[in-house]
Amino acid sequence: MAHAIHIYEQGGPDVLRYEPIEVEKPKAGQVRLRQRAIGVNFLDTYFRKGDFPLPSSPFINGFEAAGVIEEVGEGVTDLEVGQRVAYQLVKGAYTDMRTMSAERLVPLPDAISDEQAAAMMLKGTTAEYLVRRVYPVKAGDTILVHAAAGGVGSLLCQWAKHLGATVIGTVSSQEKADRARANGCDYPILYTQEDFADRVNELTHGDGVPIVYDGVGHTTFHRNFDCLATFGVNLLFGWASGKVEPLDVHRLNSKSHTVVNPSLGHYTGTRELLLESAQALFDVVSKGAVTINVNHRYPLAKAAQAHADLEARRTEGSVVLVT
């Protein structure tokens, strides 16, 4: 019997219910997937708490996982039974078996484990499109990464360092500064102790940086302009501290700045783009240039405990549910 984590009403971790489900046979263009590992992200807690409306009731949470194909539907020619695959940005991941579109599944190389794949598909493809496509980081760049010890931030630091950049990052504690430095951040800034823009200008001798990667939002976005170089890009990809206040676009004119607020859904919106992004991610992880640390594993039935620990900051590195 297959099981899933259902949400009937939004609230604390206790609203997550482990229940049996029926799994349909795959229709044309679909596969039946036996899931082995499921990624747990703050995005999942937002849906559980009520920051976003539930798409359905009951709702199966989660947006990334990895597993093995057990059955393929008519017309599926590029995937086969027994193949290991992973996906991102497909709701309904908190289950040990599911039927889903083959279009969003990415074949996994032998060098990538199920747990690694489940932990990195969302954050890793996010880092990929940010450093390779929205703003292609190149050797010699000096960049600023907010929340440099966080999930996406740590991958951005590693990947940018691999590309030859000098990385400045903001963190909230000395412990996180040490973690960011281990992930390739050359200059961690404790924003609780000093103004990050002043410190960036000091480190760059007043030139500023060509790009700020900002997943924090409200508390950082407008201050970013004060440490951007001429033609610099203020790249907003998340708003952990809240949405940003309205921007007076005339402010951009002072140094010909650009503001970008891209979406992972667009940059991996087609199968071709998804496979390209995933392949680039698998390459850097396989080479060891980017490390995925899966430090916390919970049985699927213990998803509520995983949420509680994640929100209480009792976890470090990636969190996965295993089946």
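**Overall fold and helix α8**

For a chain of 323 residues, a compact globule would have a radius of gyration near 20 Å, and the chain has 20 Å, which agrees; the radius is taken over C-alpha atoms, and the globule rule is 2.2 Å times the number of residues to the power 0.38. The model is predicted, so that local features need pLDDT of at least 70 and side-chain atom pairs count only at pLDDT 80 or more, while totals for chains, interfaces and linings use all residues. Residues are numbered from 1 along each chain as its sequence is written, and side-chain values use heavy atoms, with hydrogens and water left out.

Along the principal axes, the C-alpha atoms fill a box of roughly 60 × 40 × 35 Å. The secondary structure comprises 9 helices and 16 strands (DSSP runs of H or I with at least four residues, and of E with at least two, numbered from the N terminus). Of the 323 residues, 51% are buried (under 20% relative accessible area, 1.4 Å probe, protein chains only). Among contacts (heavy atoms within 4.5 Å) with a separation of 6 or more, 66% link residues 24 or more positions apart.

Helix α8 (residues 271-287) has 17 residues and should span 24 Å at 1.5 Å a residue; its end C-alpha atoms are 24 Å apart, which agrees. The expected span is 1.5 Å times one less than the number of residues. Buried positions in α8 are Arg271, Leu274, Ser277, Ala278, Ala280, Leu281, Phe282, Val284 and Val285. These buried residues pack against strands β6 (84-88) and β8 (106-107) and helices α2 (114-134) and α3 (151-162). Just after α8, glycine 288 adopts a positive phi of about 85 degrees.

How values were computed: Buried means under 20% relative accessible area, exposed over 50%, partly exposed in between (1.4 Å probe, protein chains only).
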